Amino acid sequence: NTDSGGDERRSAAQEVSTDEPVDDRVGAVQGDHTDWKRFLLPTSASVTLRFWWDDPSVVATVQLRDEHGKLLHEAVHQGARAEDIFGPVDLSPGAYYLQIEATSGASVYTLRLDTGPGRGSPGRPGF
């Protein structure tokens with residue numbers, strides 16, 4: 001994680017908003033294996049994690065953790081899919097973290113945390 005840009009640890013997680021797209025990049029060879037994101041839920045919500053990968057050949061793991069670091073959900077992206085949908089996961093009010101880690105390859109990705117029915121995006125934001 002020598003070229004991570006500062007978000008390689010949970011304590012330095014980038015704050016993201018729900019129901020809004022966020023772009024970032026992970027790269028196993030480039031020294032940016034891990035991105036951490038943090039989001040807050042003011043009320044209980046059913047959260048669906050949506051990822052769009054510019055290079056679908058990347059092998060990456062996405063972990064959802066609570067404010068204490070406890071693993072709540074884990075999914076692996078591999079193969080030719082350009083989009084992954086994880087969840088929905090029912091969450092209580094509080095702070096949550098996403099750990100996105102590339103184990104092989106590299107890709108820019110778009111992440112969106114949808115917090116309820118009817119909030120989902122039919123396609124990749126901006127495309």
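In strand β9, Leu113 is the bridge partner of Leu49; strands here are DSSP runs of E with at least two residues, numbered from the N terminus. This is a predicted model, in which local features need pLDDT of at least 70 and side-chain atom pairs count only at pLDDT 80 or more, while totals for chains, interfaces and linings use all residues. Residues are numbered from 1 along each chain as its sequence is written, and side-chain values use heavy atoms, with hydrogens and water left out.

β9 (residues 106-114) is joined to β4 by six bridges, and the two run antiparallel. β4 also pairs with β7 (residues 83-91), again in the antiparallel sense, over seven bridges. Two strands count as paired if DSSP finds at least two bridges between them. Phe51 has a bridge partner on either strand: Leu111 in β9 and Asp84 in β7.

These pairings belong to an open antiparallel sheet of four strands, in the order β2-β9-β4-β7. β2 and β7 are the edge strands, each with a single partner, so one side of each has no neighbour in the sheet.

β4 (residues 45-53) is mostly covered, with eight of its nine residues buried (under 20% relative accessible area, 1.4 Å probe, protein chains only). The largest nonpolar core has 26 residues, and Phe51 and Trp53 are among those with the most contacts inside it. Such a core is a set of buried Ala, Val, Leu, Ile, Met, Phe, Trp, Tyr and Cys residues joined through side-chain atoms within 4.5 Å. β4 gives the most to this core, with five residues.

Definitions and conventions. Buried means under 20% relative accessible area, exposed over 50%, partly exposed in between (1.4 Å probe, protein chains only).
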